[in-house]
Amino acid sequence: MSKVSATIPSTTGGRLLPTSVSQVGTITKYELLNYFRSRRFFILLAIGLIISGLLTGLVADYGVSNVAPCQPISCSSPALAFYSFWWGNSITFVIVLSGIFFGGDAISGEFQNKTGYFLVANPLRRSSIYIGKWLGALIASAIVLATYAGITVGNGLYYFGANVPYQFAESLSFSILYLIAVLGFTFFFSSLFKSSSMSILVTAILFLFAFSLIQLIVSGLVQIEPWFIITYGSGIIGNVLMDTYPTTQPIRGAGPGGRAGTTYAATIPEGIAILLVYFFATAILGLILFERKEFT
Amino acid sequence: MSGPSIEAVNLSKRYGSFLALSNLSLKIEGSKCVGFLGPNGAGKTTTLKIFTDMIRASEGKALINGIDVHLNKKKALSSVGSLIESPEIYPSLTPREALSMVSEIRGLPRAEKRKKIEEVVSEVKMEEWLDKKVGKFSKGMKQRINIAAALLSDPDVFLLDEPTTGLDPRGMAEVRDIVKSLKTRNRLIFMSSHLLNEVQDICDEVAMIDHGKLLVYDSLSNVTSRASSDGGNIVEIELLRDIDQRTVNDDIASLANVSSAEKPDPRKLRIHFLGGIQNQEKLLLDLANMKIGMISFHISASALEDTYMKLIKDTL
């Protein structure tokens, strides 16, 4: 935090102001301190641990081959089936919760709780506040994600030894990308509202219900590839852990008169592109909104 | 430029069809305290928020030390300590942490930071609470920490929006003492307040605003004299010992520019004089030379109140 800008001299006592990058670091540091002191970080960590505990108990009680079966014809790796069952089924939920917990009111809270009045009147750009808070949320979420990944791998090592499939590393990378996109999106909605509860509620409804519902309607009923929905892009996290990566393909209707249709699956490049576009578009829009928003 | 300065250049602010600030032009320069007065909704906080870039002007410019706040916020606010609308501090942080954050944002050297934080916290009498979480603080305690944050980087300019709000009488007096001490350290203080006696006590000049329009900006004595029918002013004097009526009638009432003198009680004088600040200075010197035991001399609080009521009423 000690770097200073040579281009922006202060008029007070000849002191130099820190660079904007350094100020981003300061905001991130105190945002993290605020998270670690508040209950929400530990609540989310506890939720991650509870999910991990339930899965650990389930696997131990029913046996790994029963909960994550690997059929001889369709499955080449029992370890991959295990990681697909564990990580592929639950990590998007943990990421969405992280987004809601850390991003839902990150900006709106500054208006509603008037904490922004303490920060904004200082000699720093609003973008430094926005980016600093975003980085704080990302780091806090990454700690929860890392804890969850650690427990997943710990169970995998117990049942399958050091045989961690390379697809898990891919899935973990896509999970981090999804986390980045989700936080970009939640920060955008947080900038849109001045009420914390409203921004948290809207992002929770969107990620927990609306996106899945729209995806179902668009792909199942209207038969359009839902490439514009973030959760469709996040499908690559679970798909990459499948023995054979699913593809978009026509399906026949079941029974006489059953509707034929198409099942859609984003390819890896498509999924990455959707998540990146979501991140950049919402991050830029959120930043513009925050820059323009007034502390009235 | 002679010292710190703030300047509003044709500043306007609209909220839809409501004009909160209308073409405000005001230049304040040098080491002084300027009270910013006006009724609720007059545009005081709006002006201060524009000066701290919390809101944007619809038209016009806000300059601090000649730098446009909106175009170069970082540089303009580097020399400003502000307190706008009683900000909240993250409840899970302690004052030490919250002030560390501000000092890092403002680039205080690491070696200086700890000492400076303890210094400003001591100035607002919150030493015992330095390492307790802010979430448990009362409104007045938070306000003290906000004042400490404004003092932290020793800025040239202070923009204070009703700084004594939420404080108990002792806290209010302490804040007034802090503001008075800032004046002696070559600082410019622009302070909004509803408390006329507070402004009277600590400010050298007054700016009055109503319906978003500046009504007057001048020295305290000129403002109060402007509103009186004969352009005069009233000073109130406290005395160490009793004064006899003959001295009041013959000696004091006949001093230059004095139009009347009365003795509301044996140790108090109320003198009505004509003219502005130069005549006020002359009167003070004359009274001091008379050695009547004068222990205080100040413009009557009711004079400012009368002026305020008259000017605000005029705009209704």
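First, conventions. Residues count from 1 along each chain as its sequence is written, chains are lettered from A and ligands numbered from 1 in the order in which they are written. The model is predicted, so to speak by its own rules: local features need pLDDT of at least 70, side-chain atom pairs count only at pLDDT 80 or more, and totals for chains, interfaces and linings use all residues.

Now the core. The largest nonpolar core holds 161 residues. By core I mean buried Ala, Val, Leu, Ile, Met, Phe, Trp, Tyr and Cys residues joined through C-beta atoms within 7 Å; buried means 20 or more other C-beta atoms within 10 Å of the residue's own, placed from the backbone. Among the members touching the most others are A:Tyr178, A:Ala181 and B:Phe190. Helix H4 of chain A (residues 78–103) gives the largest share, 16 residues. Helices are DSSP runs of H or I, at least four residues, and strands are runs of E, at least two, numbered from the N terminus.

Next, chain B. Strands pair if DSSP finds at least two bridges between them. S1 (residues 5–15) joins S4 (residues 59–64) through five bridges, antiparallel. There, B:Ser12 stands opposite B:Glu59. S4(B) and S5(B) form a hairpin with two residues between them. B:Asn65, in that turn, has a positive phi of about 50 degrees.

Last, the open sheet. Four strands of chain B run in the order S12-S13-S11-S14, with antiparallel pairing. S12 (258–265) and S14 (294–299) are the edges. Five bridges join S11(B) to S14(B), and B:Leu239 partners B:Met294.

Notes. Buried ≥ 20, exposed ≤ 12 C-beta atoms within 10 Å, placed from the backbone.
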